[in-house]
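Subject: Structure handover

Hi,

Here is the structure to look through. My notes on its links and charged pairs follow below.

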Amino acid sequence: MHARLLGSAMAALGLAFLGAAVPTSAQAATQAENCQSEWNQHGRDGLVRAWADYYCRGDALGAASGDDYAWGDSYGPFQGADYAQPKSVMNSGYLGGLDVVAFYATSGYRYEYGYVCLSPYEYYADNLSDNYYTNNGGPVLNHIGSHKWVTASACGAGSWLT
């Protein structure tokens with residue numbers, strides 16, 4: 001009888017621990033609301049933005065109306081260690097023409113090393129941890145080498161950020 005009670009107590013303790021480690025749907029909704037709040041604040045202002053934390057929180061790494069050839073260089077809107085920090089991004093660019101943001105794994109818009117695209121209709125990717133560059137370019141999380149404004153036709157199947 002004691003073994004069954006001990007087993008039940010351990011199972012309950014394990015479930016309680018798991019509940020504390022996994023965000024509830026209410027927590028996830030609150031986190032996602034931060035990106036929506038950022039979107040509501042900026043709207044279609046013609047910029048691409050990136051943050052050093054998930055859900056558009058933390059330090060804003062930068063905002064750019066144009067392309068950035070190298071996020072790790074010493075000039076432009078994204079500089080220095082910015083390339084190694086992005087955890088969420090936003091496309092608040094103007095609609096029409098070059099309205100998709102292509103993020104590249106390396107500097108110089110090097111398509112062959114992998115890229116991902118963010119549609120102007122997706123607005124933002126609040127958690128880059130589940131996104132990977134095309135061509136086996138590795139994870140997008142904490143790694144953007146450059147970005148360029150492109151048309152949707154420049155982005156292949158499987159290249160869209162979520």
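Are cysteine 35 and cysteine 56 buried or exposed? Cysteine 35 is buried, and cysteine 56 is buried too. Buried here means under 20% relative accessible area, exposed means over 50%, and partly exposed lies in between (1.4 Å probe, protein chains only).

Some ground rules before the rest. This is a predicted model, where local features need pLDDT of at least 70 and side-chain atom pairs count only at pLDDT 80 or more, while totals for chains, interfaces and linings use all residues. Residues are numbered from 1 along each chain as its sequence is written, and side-chain values use heavy atoms, with hydrogens and water left out.

Disulfides

A search of the whole structure turns up two disulfides (pairs of cysteine sulfur atoms within 2.5 Å). Counting bonded cysteines along the chain, the pattern is 1-2, 3-4.

One of them joins cysteine 35 to cysteine 56, S to S 2.0 Å. This pair links distant parts of the chain, 21 residues apart. Cysteine 35 sits in helix α2 (residues 25–42). Cysteine 56 lies in the loop between β1 (47–51) and β2 (60–64). Helices (H or I, at least four residues) and strands (E, at least two) are DSSP runs, numbered from the N terminus. The link of cysteine 35 and cysteine 56 is right-handed, with 95 degrees about the S-S bond.

Another disulfide joins cysteine 117 to cysteine 155, with S to S at 2.0 Å. Here too the pair links distant parts of the chain, 38 residues apart. Cysteine 117 belongs to strand β5 (residues 115–118). Cysteine 155 falls in the segment after β7 (146–150). The torsion about the S-S bond of cysteine 117 and cysteine 155 is about -90 degrees, so this disulfide is left-handed. Cysteine 117 has a relative accessible area of 0%, so it is buried. Cysteine 155 is buried as well, at 9%.

Salt bridges

How many salt bridges does the structure hold? Two. The criterion is a side-chain nitrogen of Lys or Arg within 4 Å of a carboxyl oxygen of Asp or Glu.

Arginine 49 pairs with aspartate 45, and their closest N and O atoms are 2.7 Å apart. Arginine 49 counts as buried because its relative accessibility is 8%. Aspartate 45 is at 24%, so it counts as partly exposed.

Arginine 110 forms a salt bridge with glutamate 112, the closest N and O atoms lying 2.6 Å apart. Arginine 110 is partly exposed at 35% relative accessibility. Glutamate 112 is partly exposed at 42%.

Best wishes
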